[in-house]
Amino acid sequence: MPEAAHNLATTHRGQPSVAAILTWLVPGAGHLYLGRVGYGLALFALIEGLYFLGLELAGGMSFEFLDAELRTVVAPLLSPEAGNLGGILWQMKTYGFGAGHLRPWPEHIVLGSALSAASGVLNAFAMVHAHTLARASKPADATRPVVSTLLGWVCPGLGHLHQGRTARGAIVFVLLVGMFALGTFLSEGSNLSRERHFYYWAGQFLLGGPALAAEALLGAGQVTRDIPYVEAGLVFGCVAGMLNILAMIDVYGYGEAKLFGWPQRSHSDPRSDKQAGSDDAAGGGAADRKPQDAGSALPRLGEIST
Amino acid sequence: MKDLGVHLALLLLISTAIVTLGAFYGEADDRAARALWPKQMAKYLLGLALLVVVLLACEHTFAALE
């Protein structure tokens, strides 16, 4: 039986959306719900371990980077830690925005802050994995598109490369890492500090490996004068990170379509537009379709372009 | 108007990245994405030009009042 057809088999593991939401609340909970106990416990240990190690190193002071007027309920939601909802709620309840007076930063606050943020991003990938796992008939198959997407965060373009789309991966790498490098040059490295630019840093963090590496190597610089193009530099770094979300969605969409034997995304193909429209009208996008429901809307296997 | 050329060059650079990633997001096939790119870029730049006109008109009408 062809692989795509095999993945359309009915599964009874659980609701994809429920699995994803449970994972958002508690890392690994979605996998436990889907009966993958080992996976669930391992994810819980890794993601929560990272979060609380970060919290410990930063002394729970990451949100004290914010100026007083920026300390609102929106702040945690706009941080990468929001990917781990249970973690961020616990942090805000326990530490909030601090004691209300200035105090010295812990020695490893930069590392701690980055680890908690990385935990949020990794939990977003765990959510995607839980959602995919609930729909795939072979659990092992659910991992591949998520690993490709994760590689896209480790280094922009690497996910495309993992899928054999070398040219696209190279273009994504050159554009996004080039934009980030130019942004860092224009802002003379001042973008590499969460303390200095809390929200821009959050966007930039989505660029993954290059942003983390640059911050580790060059993030300790002092700003001693006006930087003429600092705003442009911050925008370039932040936009590069946010555009990497588009690149990662592209990677995941491609892998998901291959996994379930769906046609690849195309705005110029009226067939796929029509199909997407009918899916929406039925009350759910492609991501929420159960395999057995998707069967009637799918093209014959010979029509699938991979 | 100081450094206008630099700002325009930076705008073109960031526009190129935004439109390219947008085309990749919309089209899984590289050739289709490449075919889509010039039209998307023209639309994006036209939209930006329109925005500039609106902003300048607003500035002239409201912000320039004595």
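Mentor: First a cut-off: a residue counts as buried when its relative accessible area is under 20%. By that rule, both E81(A) and R194(A) are buried. Bear in mind that this is a predicted model.

Trainee: What do E81(A) and R194(A) form?

Mentor: A salt bridge, with the closest N and O atoms 2.9 Å apart. The pair links distant parts of the chain, 113 residues apart. E81(A) sits in the loop between α5 (74-77) and α6 (85-94) of chain A. R194(A) is in the loop between α10 and α11 of chain A.

Trainee: How many salt bridges over all chains?

Mentor: Eight, from a search of the whole structure.

Trainee: And how many between chain B and chain A?

Mentor: One. The side chains of R168(A) and D30(B) meet there, at 2.7 Å from N to O. The pair crosses from helix α2 of chain B, where D30(B) lies, to helix α10 of chain A, which holds R168(A).

Trainee: Which other residue forms a salt bridge with R168(A)?

Mentor: D250(A), with the closest N and O atoms 3.1 Å apart. That pair also links distant parts of the chain, 82 residues apart. R168(A) is in helix α10 and D250(A) in helix α13 (residues 230-260), both of chain A. D250(A) has a relative accessible area of 2%, so it is buried.

Trainee: Which residues end up in one network?

Mentor: R165(A), R168(A), D250(A) and D30(B). Salt bridges that share partners join them.

Trainee: Why would such side chains pair at all?

Mentor: Side chains of opposite charge can pair when their charged atoms come close.

Trainee: OK, the interface. How many residues of chain B are in contact with chain A?

Mentor: 19, and they are in contact with 26 residues of chain A. The area buried between the two chains is about 1900 Å². Carbon and sulfur atoms give 71% of that area.

Trainee: Which three residues supply more than any other three on the chain B side?

Mentor: L21(B), F24(B) and Y25(B). They supply 34% of the area that chain B buries against chain A.

Trainee: How many residue pairs are in polar contact across the interface?

Mentor: Five, counting pairs where both residues are at pLDDT 80 or more. On the side of chain B that touches chain A, the elements giving two or more residues are α1 and α2 (30-63) of chain B. The largest share, 13 residues, comes from α1(B). That side of chain B divides into 11 nonpolar, four polar and four charged residues.

Trainee: What about chain B itself? How many helices and strands?

Mentor: Two helices and zero strands. Chain B has 66 residues, of which 21% count as buried. It exposes about 4700 Å², with carbon and sulfur atoms supplying 73%.

Trainee: Where is T20(B)?

Mentor: In helix α1 (residues 4-26) of chain B. T20(B) is buried, because its relative accessible area is 8%. Its side chain makes a polar contact with the side chain of W37(B), at 2.9 Å. Not counting residues up to four places away in sequence, T20(B) touches I171(A), L175(A) and W37(B).

Trainee: Back to chain A. Where is S190(A)?

Mentor: In the loop between α10 (166-186) and α11 (198-205) of chain A. S190(A) is buried, since its relative accessible area is 2%. A polar atom of its side chain lies 2.8 Å from the backbone oxygen of S187(A). Beyond its neighbours within four places in sequence, the contacts of S190(A) include R196(A), H197(A) and V223(A).

Trainee: Last one. Is F180(A) buried or exposed?

Mentor: Buried, because its relative accessibility is 5%. F180(A) is in helix α10 of chain A. Leaving aside neighbours within four places in sequence, its contacts include N191(A), L207(A) and A240(A).

How values were computed
Residues numbered from 1 in each chain as written. Chains lettered and ligands numbered in written order. Predicted model: local features only at pLDDT ≥ 70, side-chain atom pairs only at ≥ 80, totals over all residues. Heavy atoms only, no water. Helix = DSSP H or I, 4+ residues; strand = E, 2+ residues; numbered from the N terminus. Buried < 20%, exposed > 50% of the residue type's maximum accessible area, 1.4 Å probe, protein only. Polar contact = N/O pair within 3.5 Å; in protein donor to acceptor, adjacent residues only side chain to side chain. Contact = heavy atoms within 4.5 Å. Areas by Shrake-Rupley, 256 points an atom, 1.4 Å probe, with all protein chains shown as cover. Buried area = accessible area lost by both parts, 1.4 Å probe. Salt bridge = Lys/Arg side-chain N within 4 Å of Asp/Glu carboxyl O. Nonpolar A, V, L, I, M, F, W, Y, C, P; charged D, E, K, R; others polar.
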